[in-house]
Amino acid sequence: MTDELPGSRPTPRAWQLAAGVVAAVLLVVGVGLLIARAAGFSEVRDAIEKADSTWFAACLVAQVVALAAYADVFRGAFRWRGGPDPGFRLSAEVMLASVGATRVFAAGGVGAIAATYWCFRRAGFATDDALVRVLGFNTLFYVSFGIGAWVAALLTASGAWGEESLALTLPWLLLVPVCCGAAAFVTQPGRVERLAVTTGSLPRRALGYAIAGTAWVRAVLPDPTARRMVVSTVLYWVGNVACLWASLRSVGESLPLPELVLAFALGQAAMILPLPLGGVGGVDAAMTYALTAVGIPLALALVAVGVYRLFAFWAPTIPALVALVLLPHAGNRLGLLRADPSLR
């Protein structure tokens, strides 16, 4: 693997950015119209007119918290075990560029992984170390995500807080422990050295890097020096769930916290799938119908998700695309970190 993003350029061309944004707008409008037709256009119009915009400030604050936490996790992964400290500002620039890469380069976070990998390489990290850290800190996000969804499913399935059917809770109750058990098994000392092999065929190397990234998470979790990074991953999800809660409040609805987390988790699962343009359209539809599954009327769910996605997806898009275009400049500063820490 080289120290560049896929292809010969570390950033996309202007036509790629424009095409990505236009395609995303058309896709989300199409999905929204289909759901609005099912809900009834008049009901959706009434929900929009009655929406309380005072909650939008809470949505914005929640997303700022989430993005700041994302940047802090990148910073922690960078400086863990003696790596240079890029500082918060440069970390935020890289975070925004990775968000922009997800908007343009497609599918399941691949764009963000490529952009952050390029940044690690620019700072002088070895190929294996750079890729393992990038895969590791992205995996760390989904460890906290999975645990949160599992706790929410357990609370609702038991009737302790909220009350939902097994169809909504059982997948989380089963899949999260299975995934955690499998991760613990393959990263056992002695076994991980045999499995995390990064030579051979492409599928074998991909598996090796995935296991090495998981082992990185296992090393980070009990490390007191990494505690801030772990807390920031949790804060990232808290910010996003708080944004969805404020979006629901803007249309006069609310949910018990575990049900809110489950609805959010189902929509987020659609973003993990290899869908183009950061899952736009698929995430909107999945989250809308997840909210209806926990009792929110379809028209109100559609408007609430529209508000949520306005702040979680669309508001960061322009600054994220600007940061992506300027990524080579951030890369130059990363490359000078070891020589001149004052450039942070």
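# Notebook: a chain of helices

I looked for disulfides to begin with and found zero in the structure (a disulfide being a pair of cysteine sulfur atoms within 2.5 Å). I checked Cys179 as one case: its sulfur is 7.0 Å from the closest cysteine sulfur, in Cys180, too far for a bond.

A note to myself on the source: this is a predicted model, where local features need pLDDT of at least 70 and side-chain atom pairs count only at pLDDT 80 or more, while totals for chains, interfaces and linings use all residues. Residues are numbered from 1 along each chain as its sequence is written, and side-chain values use heavy atoms, with hydrogens and water left out.

**Overall make-up**

I read off 14 helices and zero strands in the chain. Helices (H or I, at least four residues) and strands (E, at least two) are DSSP runs, numbered from the N terminus. Along the sequence, the pattern comes out as α-α-α-α-α-α-α-α-α-α-α-α-α-α.

I then looked up burial: 48% of the 344 residues in the chain are buried. Buried means under 20% relative accessible area, exposed means over 50%, and partly exposed is in between (1.4 Å probe, protein chains only). I also looked at contacts (heavy atoms within 4.5 Å). Among those between residues at least 6 apart in sequence, 73% join residues at least 24 apart.

**Helix pairs**

Two packed helices are described by the angle between their axes and the distance between the axes. My axes are lines fitted to C-alpha atoms, for helices over the stretch in contact, and angles run from 0 to 180 degrees between N-to-C directions. For naming the angles, under 35 degrees counts as roughly parallel, over 145 as roughly antiparallel, 65 to 115 as roughly perpendicular and the rest as oblique. For handedness, a crossing is left-handed if the near helix is turned anticlockwise from the far one by less than a right angle, and right-handed if clockwise. For residue classes, Ala, Val, Leu, Ile, Met, Phe, Trp, Tyr, Cys and Pro count as nonpolar, Asp, Glu, Lys and Arg as charged, and the others, Gly among them, as polar.

I took H2 (residues 41-50) and H13 (residues 298-325) and found that their axes come within 9 Å and cross at roughly 50°. That makes H2 oblique to H13. H2 passes H13 in a right-handed crossing. On the H2 side I noted Glu43, Val44, Ala47 and Ile48, which meet Ala299, Leu300, Leu302 and Val303 in H13. By class, this contact of H2 with H13 has seven nonpolar, no polar and one charged residues.

H13 came up again with H3: the axes of H3 and H13 come within 10 Å and cross at roughly 45°. H3 and H13 are therefore oblique to each other, and H3 passes H13 in a right-handed crossing. I listed Phe56, Cys59, Leu60, Gln63 and Leu67 on H3, against Val307, Tyr308, Phe311, Ala312 and Pro316 on H13. The classes there are nine nonpolar, one polar and no charged residues.

Next I set H3 (residues 56-79) beside H10 (residues 227-250): their axes come within 8 Å and cross at roughly 165°. That makes H3 roughly antiparallel to H10. Their crossing is left-handed. I counted 16 nonpolar, eight polar and four charged residues in the contact of H3 with H10.

**Single residues**

Ala77 sits in helix H3, and at 0% relative accessibility Ala77 counts as buried. Not counting residues up to four places away in sequence, I found Ala77 touching Phe120, Arg133, Phe137, Trp216 and Met229.

Leaving aside neighbours within four places in sequence, I have Cys119 in contact with Phe78, Val94, Leu327 and Leu334.

Last, Arg81, which I found in the loop between H3 and H4 (87-105). Arg81 is exposed, with a relative accessible area of 63%. Its phi is near 55°, a positive value in a residue other than glycine. Most residues other than glycine have a negative phi.
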